[in-house]
Every structure is written in structure tokens, then in C-alpha cells.
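Subject: Structure handover

Hello,

Here is the structure I said I would pass on. My notes follow below it.

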Amino acid sequence: MMQLRQLDMKRVTEEERRMASVVAKKEEEKKRESHKQSLLKEKKRLTINNVARKWDLQQHRIPNIAPNQDRKVSDSSQDPSQLHGSTVSAFPEETGSLDSGLANALQGLSVTDTHLVEVDGDTLSLYGSGALESLDRNWSVQTAGMVTTVSFTFIEFDEIVQVLPKLKIKFPNSLHLKFKETNLVMLQQFNALAQLRRVDQLTIDPQGNPVVNFTLWKYYVLFRLSHFSMQKINGTEVTQNDMIMAERLFGILAHVASSELPQYRMISILGDARKKQFRYLLETKGKKPGLVNEENNDSKRLVGENTNRAMLNYTTRDVYNERLEEIKEKKKFCKMYMEDLVKEATEINMKNEALQKLWPQMFIELVRDAVIEIRNKNSYMKLCLQQITDQK
């Protein structure tokens, strides 16, 4: 009230007016910031729900809806997360009634975003397959070093596999991986995580990951990723008994996998460092036990176990299909090449058979021509001399 001259029977001073103005500005900025944060939270919630809806459409969980209908659904007062059967609402406190200013502002928000990338403290959250492209950004050293947890939501695991090398480089301190709605459906997919530098914790949400319905999935993870010395799986501490049980259950699997593959195939799968270790194992395989001390034997045994585990790898569907196409092309080329060889061999054989039939008569004619040519010795000598002279 700028016109006020007295308050509580006291004259209002310029200093009081100035202090009141400062407080009012701070309150206005605080309200504006709160308004902005509410707007951002609501936009995030709408984006996540839109990503969830797109994911459900891809998974054929709900029928497709026309864009105008989809916008009506998104603008309705009903919580969008309830429309597609997913419990995605990350901000339940924001789903209530909004003030008119915020409601008007939300009308201008785009709810067609297909992915979301968020860094909250030490957690990097990725929603939607498009979020994987963020790993190509030039992240600051401080942010990259701060991230220890990476969460994947509404992203196909096969797409995640393709960016795991980037994840290892961009966020070297990431120790905890979370997967929700990523279509983890078989134990073989966990093999892909072995290419990371280190994993201390693994969280697989039952929602959208049927693999957790397998009774032994945790033991397989502990066996295949034993070199990480994992500490927790789905929030439960890993014990020494768990490691022993994992080895008992799946140890024979790695042995079978390595014994069934030919050596050239094993070497092609292993990395350069493992190739040297594997060759060393092959070279020392025939040596007498007395030539190598017990310590070397132990180290070689451990290397062998790790090498056996390395045979348990995972190939994504796209790469598998590419390999199938490559195999088809190779088969086609080999077939054409063999047909050409057979055709050439057949022609050579036909020519040889024809020569064998013609050769007796040809030989008689050659002998006859030679006898006739040298019958007159003097003329034959002149002819030979003439040929020598012509050649010079």
C-alpha cells in the first residue's frame, strides 16, 4: 500500500518503505520460482506419461488412439498414468487441482515429447529410447564424475546394449544400474553387462522385465558377472553363500559353452588381453605339472574360468539378423563360386575327352608332315637357315 502514510499511529518512514519493497520483491521472486518449478514438474510428469503411453503402444498393451483424441486424454483432469495401465505418476502431489495461472501455462506445454533425460543428484534417469542419444553429449567432468546410478525406463534392452560402451566411457563412476520396462526376458541378456567397467548394484524392476519371474535369475547374474564382485541385487545384500550357489548352478554351463566352440571362434570372441591369456593356456596345456608352480596354476585356473564365462555372450536381435543376412550372402556367393568351378572343370574335362579322341589322328598327321618336310634334306636345310635369318 504505497499510499499509506501512518501505520499503528506511527508515521511510515522511507526506510520502512524500502525494506517492505525488498521483502515484496523477494516474495514475488520466490512465488515465481515456485511457479516455474511446478510448471517444470508438471511438464516432466506429462512427458513421462507420454513416453509410457508410446511404450505401451509399442508393446501392444493398448489400442492406438488418434492424435486429437490423445490430446484430449492428456488435457483431461484424469491422471494420464491411469489411462494406459502404468503407475508412472512421479509427482502424485502435482496431480491435484492447479491454480488458474499454472493451468493456463500448461496449455502451452508440449506433451508430445518422446524422451526425457534428468540428472538428480548422483542419478542419471533416461526415459524413452531417444534419451540414449544424450550419451553422445559433451558432459561436464563434474557431472559425469558425480553420476553413480543410471536408470533406464521405457527403453528396449537391445537398444541399451548398443550404448553400454559409451556409458562406460562417459560415466566411469556409475556403479548402480536400474532397469524398468526394458523387456529383459531371458538370462542371456545379462551377458551384455559384462562389457562394463564395474557394477556394484543391479536393480531389475518386475514391471516390464519378465526375467525376474525366473527363480534362478539372481544366481545367474552373480555367476556371469562374478568379476564385478556385486554387492546388492534388487536391494538385497549378496552373501558368500549366494556366490557359491551361483557357481554350483551355472559353473558347468560355462564349461560346456567353451568346450563346444572351436578355438578360432573362441579367439574371435575374446578381447586382445584375453586372447593372450587363452593362447598361454593352450601352450601350457601339454606341459608337465611339475614345470609350473602352484601359484601359476591357480592364476591359470582363474583365467580359464573367466575365459569360459566370456563365451557366454549376448547378440541383439538386429545384430543377429544382420549376421543371418551376411551368412545368406556368403552362402549365395559360395554357391555361385562352386558352380563356376564345376562349370569350368566340366568344360576342361570335355576338352580333354575330345582331345583324347582326336589325338591318334592328329599324331599320325604330325608324323606324316614331319617326314614329308625332311624328305629333301637340302631344301629342308635351306628352309631352316632361312627361318633363322628371318628371326634375326
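Which residue in β4 is the bridge partner of Leu116? The partner is Tyr127. Please keep in mind that this is a predicted model.

Overall figures first. The protein has 392 residues, of which 30% count as buried. Twelve helices and nine strands are present. Among contacts with a separation of 6 or more, 71% are between residues 24 or more positions apart. The exposed surface comes to about 26700 Å², and carbon and sulfur atoms supply 54% of that area.

Strand pairing

The pair that holds Leu116 and Tyr127 is made by β3, residues 116-120, and β4, which run antiparallel over five bridges. Their hairpin has two residues between the strands, and Gly121 there takes a positive phi near 70°. Four of the five residues of β4 are buried, so that strand is mostly covered by the cut-off of under 20% relative accessible area.

On from there the pairing is parallel. β4 pairs with β5 in the parallel sense over five bridges, and Leu126 has Phe152 in β5 as its bridge partner. β6 and β7 run parallel and are joined by four bridges, with Lys178 opposite Thr203 in β7.

Two right-handed β-α-β units come with these strands. One consists of β4, helix α4 (residues 141-146) and β5. The other is made of β5, α5 and β6.

His176, in strand β6, is worth a look on screen. Its relative accessibility is 13%, so His176 counts as buried. Beyond its neighbours within four places in sequence, His176 is in contact with Thr148, Thr149 and Val150, and also with Gln201, Leu202 and Thr203.

Nonpolar cores

The largest nonpolar core has 46 residues. Phe152, Leu177, Phe179, Phe190 and Leu193 have the most contacts inside it. Two or more residues each come from β4 (123-127), β5 (149-153), α5 (157-170), β6 (176-180), β7 (201-204), α6 (217-224) and α7 (240-260). The biggest contribution is that of α5, with six residues.

Not counting residues up to four places away in sequence, Phe190 touches Leu184, Leu202, Ile204, Val211, Trp217, Tyr220, Val221 and Leu225. Another core, of seven residues, lies apart from the largest one and includes Ile48, Val51, Tyr127 and Phe154.

Most residues other than glycine have a negative phi. Two residues with a positive value are noted here. Phe154, in the loop between β5 and α5, has a phi near 60°. With a relative accessible area of 5%, Phe154 is buried. Asn183, in the loop between β6 and β7, is not a glycine either and has a positive phi of about 60°. Asn183 has a relative accessible area of 18%, which means it still falls under the 20% cut-off and is buried.

Aromatic residues

The count of aromatic pairs comes to ten. One of them is Phe157 with Tyr314, a tilted pair at 6.4 Å centre to centre with 55° between the planes.

Phe157 and Tyr314 form one aromatic cluster together with Phe152 and Phe179. Phe152 and Phe179 are also among the residues with the most contacts inside the largest nonpolar core.

Regards

Note on methods: Residues are numbered from 1 along each chain as its sequence is written. This is a predicted model: local features need pLDDT of at least 70, side-chain atom pairs count only at pLDDT 80 or more; totals for chains, interfaces and linings use all residues. Side-chain values use heavy atoms; hydrogens and water are left out. A nonpolar core is a set of buried Ala, Val, Leu, Ile, Met, Phe, Trp, Tyr and Cys residues joined through side-chain atoms within 4.5 Å. Buried means under 20% relative accessible area, exposed over 50%, partly exposed in between (1.4 Å probe, protein chains only). Contact means heavy atoms within 4.5 Å. Two strands pair if DSSP finds at least two bridges between them. A crossover is right-handed if, with the strands pointing away from the viewer, the path from the first strand over the helix to the second runs clockwise. Accessible areas come from the Shrake-Rupley method with a 1.4 Å probe; for residues, only the protein chains shown count as cover. Rings of Phe, Tyr and Trp (its six-membered ring) pair if their centres lie within 6.5 Å; planes under 30 degrees apart count as stacked, over 60 as edge-to-face and the rest as tilted.
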